[in-house]
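Visitor: I'd like to go through this one step by step, if you have a moment.
Guide: Gladly; ask whatever comes to mind.
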Amino acid sequence: MDKIIDLRSDTVTKPSLTMRQIMAAAEVGDDVFGDDPTVIKLERKTAELLGKEAALFVPSGTMANQISLRVLCQPGDEVICERKAHIVFDEVAAAAALSGIMLRPIDGESGRLSPEQIRDAYHQPDIHRPNSRLVALENTHNRAGGKVLDLDYQNSVVAVTRELELGFYLDGARLWNAAIALKVAPAQIAAPFDMVSVCFSKGLGAPIGSAVCGSRESILKARRIRKMFGGGMRQVGIIASAALYALENNYARLQDDHDRAKKLANGLVQIDGIQINPEDIQTNIVIFRIEKSQTRFLQKMADRGVLMVAFGKELIRAVIHLDIAEEDISTAVSVAEQAIKEC
Ligand SMILES: Cc1ncc(COP(=O)(O)O)c(C=O)c1O
């Protein structure tokens, strides 16, 4: 087997030689004392890119989400969100376990809640009810297959959050992909939100790291909560330098990942036994349906060096990233065709 084509996630990328050299040479300090120059540079750059006053470097997207929810809510508050959002599905009930926050998951369409659904979910202040405090969106939406929330949609939601005096949060783990797909600046996507998270360790290809962005005041609170959650890090200029390198060098190329995801979908749709609509592919995530055993299919793929993951009943997910070359897509399609035949 020449090369493993690892499509399980865009988190599997390996740092390039140049990225490793930059990491080795990074200037560092103690970030809990606030004097790591590379972290300061990364936080300034990220805040600027997102059009926010300040940013905070954190170890993971999950911690970025949980710190933000804690800043924006009190115990007993309720967060209105889409049912398949990462904060609902994939964060080990952290909002409840760490912060006493109740999530109010609502069935969405392509990762979207309509303004009417938000209005219906909102509780008028009442001694019996949780306090509706926040609306949380995810852009791009992972479990909806990397779907993009466009600016008009976001603006229609912000109008309701203002009317109901709710906070507004974005899980922007893949905001970079959304910005590329919409051909807008990241700050335009971040604009309506009180706080926004972004990840450097997904499509951008850094080995670790995320950031939370917002007002100076909210980031001051976030810094304290990061320490409480055990995320205060020391000489992390080493990893912040990789995130800076990733922002500067791997952002514009995300379009290649989107094109390859489309190409993969166009190949898969030709295969008997695979259901997918290539029109649904907007960014780097490809989700398709198979009627055969998922376990057998994934094993047959893995035996030939192509890795994907099960992503719900009958669903398989493949994610394109910077370690996936153009020719890997045709290989993945022909391997999928053989695997389906053998299942
Ligand atoms: C939309 C979204 N938010 C947050 C996260 C969490 O990121 P991490 O794995 O760095 O905790 C992920 C991870 O895939 C994600 O897809």
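Visitor: In which sense does H2 pass H11, left-handed or right-handed?
Guide: Bearing in mind that this is a predicted model, the crossing of H2 past H11 is left-handed. The axes of H2, residues 37-50, and H11, residues 237-249, come within 8 Å and cross at roughly 35°.

Visitor: Which residues make that contact?
Guide: On the H2 side the contact is made by Pro37, Thr38, Val39, Lys41, Leu42 and Lys45, and on the H11 side by Gly237, Ala240, Ser241, Ala243, Leu244 and Leu247. By class, the residues of this contact between H2 and H11 divide into 7 nonpolar, 3 polar and 2 charged.

Visitor: Changing topic, what surrounds the ligand?
Guide: The residues around the ligand are Ser60, Gly61, Thr62, Asn65, His86, Glu138, Asn142, Asp171, Ala173, Cys199, Ser201 and Ser210. In this shell 8 residues are polar, 2 are nonpolar and 2 are charged.

Visitor: Which helix gives the most to that shell?
Guide: That is helix H3, residues 61-72, which contributes 3 residues to the shell around the ligand.

Visitor: And Glu138, what does it stand opposite?
Guide: Glutamate 138 stands opposite aspartate 171 in E6, and both Glu138 and Asp171 are among the residues that surround the ligand. The strands concerned are E5 and E6, the latter spanning residues 167-172, and they pair in the parallel sense over 5 bridges.

Visitor: Now the antiparallel sheet: in what order do its strands come?
Guide: The open sheet has 4 strands in the order E9-E10-E13-E12, with antiparallel pairing. Its edge strands are E9 (274-275) and E12 (309-310), each of which pairs on one side only.

Visitor: How many bridges join E10 to E13?
Guide: There are 5 bridges between E10, residues 285-290, and E13, residues 315-319, and the two strands run antiparallel. As one example of a pairing, isoleucine 285 has valine 319 in E13 as its bridge partner.

Visitor: Which helix lies across E9, E10 and E13?
Guide: Helix H12, residues 254-268, lies across those strands, and its direction is at about 15° to E10.

How values were computed. Residues numbered from 1 in each chain as written. Predicted model: local features only at pLDDT ≥ 70, side-chain atom pairs only at ≥ 80, totals over all residues. Axes fitted to C-alpha atoms, helices over the stretch in contact; angles between N-to-C directions. Left-handed = near helix turned anticlockwise from the far one by under 90°. Contact = placed C-beta atoms within 7 Å. Nonpolar A, V, L, I, M, F, W, Y, C, P; charged D, E, K, R; others polar. Pairing = 2+ DSSP bridges. Near = placed C-beta within 6 Å.
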